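Me: I am new to this model and would like a close look at a single part of it. Please take me through that part slowly.

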Amino acid sequence: MTTQLSPRIADPWTADALARRYDQVRARTEQLAAPLSPEDQTVQSMPDVSPTKWHRAHVTWFFETFVLAEHEQRFAPYQDKYWFLFNSYYEAVGPRYARAERGHISRPGAHDVGSYRGNVDTRMRDLIDSLDEGTLDKLAGTIELGFHHEQQHQELLLMDIKHVLSVNPLQPVYDGSPDQPGTPDRLGWVDVEGGLVEIGHDGEGFSFDNELPRHRTFLEPYRLGDRLVTNGEWLDFMTDGGYDRAELWLSDGWGKVTGEDWRAPFYWQQVDGVWFEHTLHGTFPVDPSLPVTHVSHYEADAYATWAGKRLPTEAEWEHAAQTLADEPDETANLANADTFHARAAGPATGGLRQLFGDCWEWTSSAYLPYPGFHPAEGAIGEYNGKFMSGQMVLRGGCALTPPGHTRASYRNFFPAGSRWPMTGLRLADGGVR
Ligand SMILES: [Fe+2]
């Protein structure tokens, strides 16, 4: 099959640079899995969650399928059946094992998955070493997509193991430690002029196809909250009957509140009148200075309605991030920090705080193709485009996002009722005219 990719690279990759980056990304996945036993790595605690060892194998399958199968001389799959077990959703590649039943698979075990990874790593390094310049140029985009794909799964691995550990009454800890408690401060506002602006990836460096093409859009003047909504503010919402007042909720959201008995954010639990929050570094009393996280789009929208505000559109968020943000990774709380959790906003700066990292921010925008969007050709075209239905866009990244994986144009997406991803919110309104 032919894969033609939208992602472009600023400078052509050299074989050395590609091999080095390959090793870094692959090693990071293993580092994240290292605190987990083979038993931890096998559990699927709900249909949306995949076992850790499945993530480790699937990202390996991606390189085997989209790179080695097409370019390795005398290619043979490591194990025929692995193509069935570790294909996620690529119809063009063939049938696959049921997503909701990945936790039923005890073999290959975590150790065998390590052997699979090692085999593909050796073959990938050999392939990269052997490529002539022309083939390297053609193939670098697919290999680079494999890096970003694996980074997305690094984040999912953490979100998923958080849920796996949360259902265990022993409250096991993954890793990390709490941050210093912060001081809750008053929400400030940042005015943005708007007008005819451009959003979408600008062509410098990597992007996924869903960030393209860059295009114009018109924005009325608006304001954004200068930080994320905090746990303390969320407790005020709860105390004021936030989960009991139908008038605050979208109809589908109210259906969830009543049908699934939502009373608080996903990982909160009340014990003897005190709210506790499950995190990857343990279970602690809810800290009012931290951003609220693991709330659905419905909850975020209800909170904004209660506060007399609204959620930003994805264009408002991206335009502000392009024009007002500092360099994304320099101060952001991403998966390189050892809390693996959102942390309190730093002192007010007059600008936008917590824009990248901490929690993915729900927007009011449905996940739709940009004007002129074309998915890539071949199986890789299934990466993003076919999911543009029934999902909402989130922006910014979270404390489980790998460093180097955030950018102003990045479009994450989840169904509006999702609560297991690390999601929070920033308020917006029309500003003072
Ligand atoms: Fe994947």
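How much space lies in the largest cavity?

Reply: The model is a predicted one, in which local features need pLDDT of at least 70 and side-chain atom pairs count only at pLDDT 80 or more, while totals for chains, interfaces and linings use all residues. Residues are numbered from 1 along each chain as its sequence is written, and side-chain values use heavy atoms, without hydrogens and water.

About 70 Å³ of space lies in the largest cavity, and the model has three cavities of 30 Å³ or more. A cavity here is a set of points on a 1 Å grid where a 1.4 Å probe fits but cannot get out, and its lining residues have an atom within 4 Å of a point. The lining of the largest cavity is formed by Pro51, Lys53, Trp54, Leu85, Phe86, Tyr97, Arg102 and Ile105, with α2 (52–71) and α3 (82–86) as the elements that give two or more residues to it. Sorted by class, this lining has six nonpolar residues, two charged residues and no polar ones.

His149 and His153 are separated by about one helical turn because they are four residues apart in helix α5 (residues 133–166), helices being DSSP runs (H or I) of at least four residues.

Terms used: 1 Å grid on protein atoms, 1.4 Å probe; cavity = no way out; pocket = protein on both sides within 12 Å on 5 of 7 lines; lining within 4 Å. Points joined across faces, edges and corners; volume = space filled by probe spheres on them. Nonpolar A, V, L, I, M, F, W, Y, C, P; charged D, E, K, R; others polar.
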